[in-house]
Amino acid sequence: MAECTALSALGLTGGVAIVAPTVASAAEPCRGIWDVVVGGLTNNDSVGFLNEDQRVGYNSFDTRSGVKELNRLIHAHARVCPRDFIHPVGFSGGAAVVHLWATENGREFRGKASIVLISDPKSPAGPGGGRGFAATDMGWVPALGGADDDYGGLPALQVCNGRLNGGDHICNSGASWDGYLLGVHGDYDFDVNAYPIDAYGVIFR
């Protein structure tokens, strides 16, 4: 996968900026596949993805606000374009948002949605790797709710640089923080077209 560092990493510092959420409108054309993206901590307007149809604006330090806004946008779009396939893609803290949205709302969208979780802090153990760091490090952010594989019945594709250059501690708590500090957390493909709909399983490198 090509290196991309355009997204803000899931860092431990940074100011909180609350931005106005982007809104799906009735004038928006239906697309067949609707890609909606959620960025990580400090990336309040979910910039840095490629070929998305909708970005989620939210307070990235408040996971629940992201889940609420993602759910609002998805339902607004589904009302206008009920035949569109919904394809949420989240990175880091945004992957936790998508993960939690699927846990809570996925059953409503079975057969109509699938999700992509890039460096999900809530990921269950991958091949040869530990669980996401929400299972081990996240007592200070209880809203992430630990690690699990509950996606509400939706196909879920987990993408984790679990071993690359020391490993990404965010999605593989078995790796040290060294790889994260060296930039492995940003070394993902952020083009939504790289992830087909209905894909499931784990890309672990």
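## Helix 1 and its packing

The buried residues of helix 1 pack against strand 1, strand 2, strand 3 and helix 2 (93-105). Contact here means heavy atoms within 4.5 Å. Buried means under 20% relative accessible area, exposed means over 50%, and partly exposed lies in between (1.4 Å probe, protein chains only). Helices (H or I, at least four residues) and strands (E, at least two) are DSSP runs, numbered from the N terminus.

This is a predicted model: local features need pLDDT of at least 70, side-chain atom pairs count only at pLDDT 80 or more, and totals for chains, interfaces and linings use all residues. Residues are numbered from 1 along each chain as its sequence is written, and side-chain values use heavy atoms, with hydrogens and water left out.

Helix 1 has 18 residues. From first C-alpha to last, helix 1 reaches 26 Å, close to the 26 Å expected at 1.5 Å a residue. The expected span is 1.5 Å times one less than the number of residues. The buried residues of helix 1 include T63, G66, V67, L70 and L73. I74, H75, A76 and H77 are also among them.

## Salt bridges

The count comes to seven salt bridges. The rule asks for a side-chain nitrogen of Lys or Arg within 4 Å of a carboxyl oxygen of Asp or Glu. One of them joins R64 and E104, at 2.8 Å from N to O. R64 lies in helix 1 and E104 in helix 2, so this pair ties together parts that are 40 residues apart in sequence. R64 is partly exposed, at 36% relative accessible area. E104 is partly exposed too, at 43%.

E69 is buried, with a relative accessible area of 9%. R72 is partly exposed, at 34%. D150 also forms a salt bridge with R107, and their closest N and O atoms are 3.8 Å apart. D150 is in the loop between strand 4 (115-118) and strand 5, while R107 is in the loop between helix 2 and strand 4, 43 residues apart. D150 counts as partly exposed, at 29% relative accessibility.

D35 lies in strand 1. D35 is buried yet has no salt bridge. Which side chain of opposite charge is nearest to D35? It is R31, 7.9 Å away. For charge, Lys and Arg count as positive and Asp and Glu as negative; His and the chain ends are not counted.

D35 touches N51, E52, D53, Q54, H87 and V192, not counting residues up to four places away in sequence.

## Disulfides

The structure holds two disulfides, each a pair of cysteine sulfur atoms within 2.5 Å. C30 and C81 form one, with sulfur atoms 2.0 Å apart. The angle about the S-S bond is -85 degrees, and the link is left-handed. C30 is in the segment before strand 1, and C81 is in the loop between helix 1 (63-80) and strand 3 (85-91), 51 residues apart. C30 is partly exposed at 47% relative accessibility, whereas C81 is buried at 1%.

The other disulfide joins C160 to C171, S to S 2.1 Å. Its torsion about the S-S bond is about 85 degrees, so this disulfide is right-handed. C160 lies in strand 5 (residues 156-160) and C171 in the loop between strand 5 and helix 3, so the pair ties together parts eleven residues apart in sequence. C160 is buried at 5%, and C171 is buried at 2%. With the bonded cysteines numbered in sequence order, the pairing is 1-2, 3-4.

## Aromatic pairs

The structure holds seven aromatic pairs. Rings of Phe, Tyr and Trp (its six-membered ring) pair if their centres lie within 6.5 Å; planes under 30 degrees apart count as stacked, over 60 as edge-to-face and the rest as tilted. F49 and F190 have ring centres 5.9 Å apart and planes at 90 degrees, so the pair is edge-to-face. F49 is in the loop between strand 1 (33-38) and strand 2 (54-55), and F190 is in the loop between helix 3 (178-181) and strand 6 (201-204), 141 residues apart. F49 is buried at 6% relative accessibility, and F190 is buried at 2%.

W101 and F109 form a tilted pair, 5.6 Å centre to centre with 45 degrees between the planes. W101 is buried at 0%, and F109 is buried at 5%. Ring pairs also link F49, F91, Y188 and F190 into a cluster.
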